[in-house]
Amino acid sequence: MTEPYARTKEQREGDFARANEFETMVATAISHVPIHLVSNTKATDLLDFEVPGFRLEVKEKRQPLTGRWTQTSLVPEEHLFVLDELTLRKALLFGDAWFLLRNVPAGGTLHLAAAITIGCVERTRLNRNGKGKLLFDLRNFREVHALETIPGIIAWERNELLHSECCGALETAEV
């Protein structure tokens, strides 16, 4: 049995401040595109951004994952991402929802994933102090090289989701 995991008040405040920095960077980048942007970054019951046609949630992996996480997954640590299950449930309730996932330890790589794709790709589900955590491979999702391109990529990818092929960029076993 593993020891309970607890974060200090200082850790939580630092996480919030760093998340706010990245959210501001994303808002600045996508607000240059001629769209109406609503920021909900202070709300706990909404996704970070609303634009006509989709919602966007911004998440970061700020440091390499420890054995607590890596021992339960076959995904190499540098591609492994942990997402709170509640965040995915909220996103799925909003319908056309997307995640921008930043992998800071891997040089700040950015991946864009439809919430429905996260729900479809292979993943590991864990319980951490009563909260569901989802572990998945970032290589399943489109790498984004410029934040300003996100609305256009989402418009294009939305059409791709209507095809019958398996979701995710990684190969899926055939039966």
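Which residues form one aromatic cluster? They are Phe 81, Phe 136 and Phe 141. This is a predicted model, in which local features need pLDDT of at least 70, side-chain atom pairs count only at pLDDT 80 or more, and totals for chains, interfaces and linings use all residues. Residues are numbered from 1 along each chain as its sequence is written, and side-chain values use heavy atoms, with hydrogens and water left out.

**Aromatic rings**

- The count comes to 2 aromatic pairs, where rings of Phe, Tyr and Trp (its six-membered ring) pair if their centres lie within 6.5 Å; planes under 30 degrees apart are called stacked, over 60 edge-to-face and the rest tilted.
- One of them joins Phe 136 and Phe 141 edge-to-face, at 5.5 Å centre to centre and with 85° between the planes.
- Phe 136 is buried, with a relative accessible area of 1%; buried means under 20% relative accessible area, exposed over 50%, and partly exposed in between (1.4 Å probe, protein chains only).
- Phe 141 is buried too, with a relative accessible area of 5%.

**Strands**

- Strands (E, at least two residues) and helices (H or I, at least four) are DSSP runs, numbered from the N terminus.
- Strand 2 (residues 49-51) runs antiparallel to strand 3, and 3 bridges join them; two strands pair if DSSP finds at least two bridges between them.
- Val 51 stands opposite Phe 54 in strand 3.
- The hairpin of strand 2 and strand 3 has 2 residues between the strands, and here Gly 53 takes a positive phi near 100°.
- Strand 5 (residues 97-103) runs parallel to strand 3, with 7 bridges joining the two. Phe 99 in strand 5 is the bridge partner of Glu 57.

**Helix 5 and the segment after it**

- The buried residues of helix 5 are Ile 150, Pro 151, Ile 153, Ile 154 and Glu 157. They cover an arc of only 155° around the axis, so they sit on the same side of helix 5; the arc is that of the directions from the helix axis to the C-beta atoms.
- Leu 170 lies in the segment after helix 5 (150-160) and counts as partly exposed, at 33% relative accessibility.
- Leaving out residues up to four places away in sequence, Leu 170 touches Asp 137, Arg 139 and Asn 140, with contact meaning heavy atoms within 4.5 Å.
- Leu 170 and Asn 140 are 30 residues apart in sequence, yet 5.3 Å apart in space, C-alpha to C-alpha.

**Salt bridges**

- The count comes to 11 salt bridges, each a side-chain nitrogen of Lys or Arg within 4 Å of a carboxyl oxygen of Asp or Glu.
- Asp 137 forms one with Arg 139, the closest N and O atoms being 2.7 Å apart. Asp 137 counts as buried at 6% relative accessibility, whereas Arg 139 is partly exposed at 36%.
- Salt bridges that share partners join Glu 60, Arg 62 and Arg 102 into one network. Within the pair of Arg 62 and Glu 60, the closest N and O atoms are 3.1 Å apart.

**Cysteines**

- A search of the whole structure finds 0 disulfides, a disulfide being a pair of cysteine sulfur atoms within 2.5 Å.
- The closest cysteine sulfur to that of Cys 167 is in Cys 120, and at 4.3 Å it is too far for a bond.
- Cys 166 is exposed, with a relative accessible area of 57%.
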